[in-house]
Amino acid sequence: MSSVATVFRIAAVGNLPRLRGTRSLVPSFGAVALGLLMAQSGFAQEAGIATREYGDFPYIGSRVAVWIAAQVHLMFAAFVLGVPMFAMVAEAIGIFGGDKRYDRLAKEFTRLLLIAYSATAIWGAVLVFFLTTLYPRFWAHLSEIFEVSMWIYVGLFFLESFTLYLYYYGWDRWKAGTAKYAHWGLAILLNIWGTAVMFIADSWLSYMMSPPEVITADPSPGVVQLWSAINNATWMPINIHRIIANVVFGGSVVGAYAAYRFLAAKSDEERAHYDWMGYVGNFIAIGALIILPFAGYYLGREIYEFNQQMGITMMGGFMSWLWIIQAFLIGVLFLTGNYYLWVGMTRIPGAERFLPYTKWMLVVLVIGVIVWATPHTMIANRAELEAMGGSHHPFLGVLGVMSAKNTAVNLMILTTFLSFLMYRRANKRPVVGWAKTGTIVQASLFALSAAVVLFYGVYGYFVTAIVRIGFSVYQVLAVLGTIIAVMVLDVLMLRGSESRGAIQWGNMPARSQYALFVLVVTFTWLMGLMGFARSGIRQHWHVWEVMRDTSQWAATPALGPAAQVISVCVLIFLVLIAFIFWLGGLVEKPQLVPEQPAPGASGTVTS
Amino acid sequence: MSINRYLRHPFWQAILVLVIAYVLIEYGIPYLPPLIGISSAPVPQSVVLQYMLTVLAGVLIWVSDNEERWARFREPIRATLVDRDKRVLRIALLVIVPLLTGWLTFRAVRQTVAAPPSLRSIHPAPPSSITFRGQTMQLAGLENPLREGDLMAEAYRVGKRVYYQNCLPCHGDALSGDGHYAHGFTPAPLAFTGSSTIAQLTESFVFWRIAKGGPGLPREGTPWNSAMPAWEDILSEDEIWSVIVFLYEQAGVSPRTWEEAEGSGEH
């Protein structure tokens with residue numbers, strides 16, 4: 001009782017440390033909420049002053065406990081932030097394009113969202129309680145600087161939740177006329193709230209990595225300007241990277257959901273619907289994946305710019321091995337994504353003319369993965385090291401540097417784009433008079449960009465590092481330019497095109513659906529791995545060079561134990577998401593019953 | 001005729017691709033480049049495994065991305081497992097495959113006297129600043145002072161003397177990390193030639209490594225096992241910068257330079 005009374009006293013008198021000029025901005029509700037959190041931890045016993053620095057979590061330790069809570073929370077958060085983006089786009093296609101399938105798809109996405117949203121909130125609460133009880137000193141520091149943003153976060157979270165409820169439960173009520181546009185407006189609002197929530201949370205974690213120059217260990221965090229702490233060096237790069245990654249992740253989870261429903265389908269209609277849904281999920285995931293490396297490069301570059309030591313720790317120091325694993329996983333994504341498209345082409349009339357080329361594209365991809373994942377410093381025993389004359393291989397060493405890797409990944413991106421293009425054109429016959437010329441121009445653009453990528457890849461070995469870094473920009477521009485130009489040409493060329501036959505949705509072998517499972521497992525694991533890299537490069541600092549971690553768990557784990565924790569996080573997430581998929585099926589059944597007697601409703605198997 | 005039939009069958013094509021890939025990786029990479037004057041070495045088993053897994057993934061994708069090819073690929077496997085006339089082969093495989101797996105597993109986990117392969121980061125992260133003979137030096141943005149004006153020729157001359165007096169026994173006459181004592185060290189002394197060692201580094205990084213040596217390596221990524229001495233107590237600041245000039249000139253590579261904006265974000 002006394003601690004609760006203390007909390008209310010703190011809230012009432014405004015006794016918590018405040019940011020300059022922010023006192024009047026926020027209602028006392030926020031102070032109560034924060035105070036309750038402090039009371040929960042037993043930390044705010046005497047007017048907000050921490051009585052201990054660290055708590056202890058049984059068996060696995062505090063670090064791993066917070067790690068798991070943060071990682072699983074993040075996985076759910078990525079899903080619930082990514083899915084509204086393409087629910088919004090799918091609903092818009094349904095409204096403006098007139099294809100009702102997309103509207104149904106958007107609603108099905110949102111139903112998954114509804115359940116996943118609760119899981120996100122639960123894991124978020126677990127994280128906050130773990131932080132307050134296990135890392136009270138650090139949490140006090142963070143909350144002292146960011147308290148206002150934390151209150152705004154709570155408010156936005158509230159708005160986001162109720163917008164989502166309105167959006168989902170209002171679907172059938174506001175399904176026509178102006179009301180439908182208003183309903184779509186809710187989707188836009190949902191994305192605005194969600195993005196704002198993510199931006200705020202990103203400011204906290206990016207502050208831990210790259211606190212502004214003016215912040216040192218000496219002054220009280222209470223005098224730090226909120227905006228300078230939010231707008232730190234890595235905040236916007238992380239925001240951009242996460243927006244794209246959320247789309248990739250959301251698409252892959254939706255693809256896996258569709259695969260699960262496809263394999264469990266009882267009718268051809270169901271199979272056709274979930275085959276199509278799986279295709280859309282995969283399209284979104286791989287499409288966004290193609291631009292994700294560029295956002296990652298921007299983030300990495302900003303980390304180097306902020307602090308060279310942190311950058312080298314990440315790319316060349318003890319975390320360098322992590323990138324080899326990452327490269328291998330990205331190789332798996334490219335191979336699996338293309339495989340799914342190639343298998344899918346077997347159900348498209350007219351795709352036969354492209355199938356002979358896929359084996360050569362596969363050769364490019366396999367060689368690309370081999371080069372992309374060749375380590376600069378190799379794992380070798382004593383005899384192998386002696387034979388190589390060190391840990392660099394005298395011949396394969398040339399594949400271990402960025403010139404080779406940038407070349408490989410750009411060629412893999414081009415190849416994957418070519419697969420999409422073939423898939424897209426498979427059952428279409430262009431009718432415009434310039435179709436042949438257009439195709440030749442497209443092929444020339446592919447050849448030209450591949451030549452540019454190869455030229456700068458090879459030339460990079462003969463120039464200094466500073467010049468070589470600039471070459472990667474030319475390679476990226478060549479590939480992106482080709483993707484955009486070829487796509488524009490293709491859209492224009494296929495306007496009014498004749499069909500070679502309808503896609504036989506549902507006529508897919510079961511193994512193609514396992515490719516979608518491979519994608520989601522790989523994406524989830526990759527997310528855990530990269531999360532560890534981003535967070536781990538702070539090493540023994542809660543806040544880089546401002547607040548040191550002095551707990552018994554301060555040492556950054558080696559890759560082996562880290563991989564175990566990441567795997568546990570992935571398992572927890574996948575088990576919970578599988579449960580949510582199953583729940584989605586339970587919710588759907590009652591809605592199917594009244595639709596069955598309706599004439600002509602055989603194709604409408606989902607709500 | 002019968003060989004052609006095998007060569008056109010996806011199952012045997014897959015086996016052939018795997019065998020060719022293995023031979024190329026295991027024997028082609030170490031032995032073919034030297035035939036045209038390019039040095040090479042056997043590929044470490046960890047990398048062979050990585051490459052072969054990638055090739056296997058590619059092969060499995062190829063045999064299964066087409067329904068007809070997938071069905072033909074499975075034919076011999078199914079026949080071996082089911083057909084009556086393949087009974088002897090089936091039993092032989094059921095004995096050989098588990099034995100082979102067991103032997104490989106045993107080989108992988110048995111205790112040996114050899115030190116285990118270590119995951120070693122070759123490129124430790126430098127600190128923002130170091131203390132050199134009582135003076136603080138900011139490494140970020142630091143350039144070699146001897147590259148200014150007409151000091152290069154003298155720096156090269158001094159650097160050459162310093163190198164041959166102190167560095168030669170380990171790093172070798174040709175700067176390729178094969179000095180007289182080199183074979184006694186694990187990890188081996190660094191080679192300075194080629195595009196993947198000092199060509200990737202700024203001169204301030206090389207200064208830090210020479211001045212602080214193995215004892216000055218950061219705590220992250222330990223144990224380093226480096227035998228490199230800390231030369232700050234033996235060589236002067238100018239001698240270290242001189243030997244750096246010599247290393248780059250002699251290896252025929254240029255040091256990494258700083259971006260204009262780099263370091264501005266340091267705090």
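This talk walks through a predicted model with chains A and B.

Let me start with chain A. Chain A has 18 helices and four strands. Of its 607 residues, 48% count as buried. Now take the contacts in chain A between residues at least 6 apart in sequence. Of those, 81% join residues at least 24 apart.

On to chain B. How many helices and strands does chain B have? Eight helices and two strands. Follow the sequence and the pattern reads α-α-α-α-α-β-β-α-α-α. So much for the order of elements.

What about burial in chain B? Here 28% of the 267 residues are buried. For contacts in chain B between residues at least 6 apart in sequence, 54% join residues at least 24 apart.

Next, the overall form of chain B. Its radius of gyration is 27 Å, while a compact globule of 267 residues would have one near 18 Å. Along the principal axes, the C-alpha atoms of chain B fill a box of roughly 85 × 45 × 40 Å.

Where are the domains of chain B? Domain 1 runs over residues 2-109, and domain 2 over residues 129-251. Taken over C-alpha atoms, the centres of domain 1 and domain 2 of chain B are 46 Å apart.

Let me zoom in on one helix pair in chain B. Two packed helices are described by the angle between their axes and the distance between the axes. Our pair is α2(B) and α4(B), the latter covering residues 67-82. They pack at an angle of about 80°, with the axes 7 Å apart. An angle from 65 to 115 degrees counts as roughly perpendicular, so α2(B) is roughly perpendicular to α4(B).

Which residues make that contact? From α2(B) come P10(B), F11(B) and A14(B). From α4(B) come R69(B), R72(B), F73(B), E75(B) and P76(B). By class, the contact of α2(B) with α4(B) has five nonpolar residues, no polar ones and three charged ones.

Now the two chains together. Here 60 residues of chain B are in contact with 58 residues of chain A. Which elements of chain B give two or more residues to the side that touches chain A? They are α2(B), residues 10-35, and α3(B), residues 45-64. Of the elements, α3(B) gives the most to that side, with 11 residues.

Last stop: two backbone details in chain A. Most residues other than glycine have a negative phi. Q539(A) has a positive phi, near 55°. Where does Q539(A) sit? In the loop between α17 (510-536) and β3 (541-543) of chain A. Buried or exposed? Q539(A) has 21 C-beta neighbours inside 10 Å. The cut-off for buried is 20 or more, so Q539(A) counts as buried.

E545(A) also has a positive phi near 55°. This residue lies in the loop between β3 and β4 (547-548) of chain A. Its count is 18 C-beta neighbours inside 10 Å, so E545(A) counts as partly exposed.

That is the tour. Happy to go back to any part.

Terms used. Residues numbered from 1 in each chain as written. Chains lettered and ligands numbered in written order. Predicted model: local features only at pLDDT ≥ 70, side-chain atom pairs only at ≥ 80, totals over all residues. Contact = placed C-beta atoms within 7 Å. Rg over C-alpha atoms; globule rule 2.2 N^0.38 Å. Buried ≥ 20, exposed ≤ 12 C-beta atoms within 10 Å, placed from the backbone. Domains from an automatic or database assignment. Axes fitted to C-alpha atoms, helices over the stretch in contact; angles between N-to-C directions. Parallel < 35°, antiparallel > 145°, perpendicular 65-115°, else oblique. Nonpolar A, V, L, I, M, F, W, Y, C, P; charged D, E, K, R; others polar.
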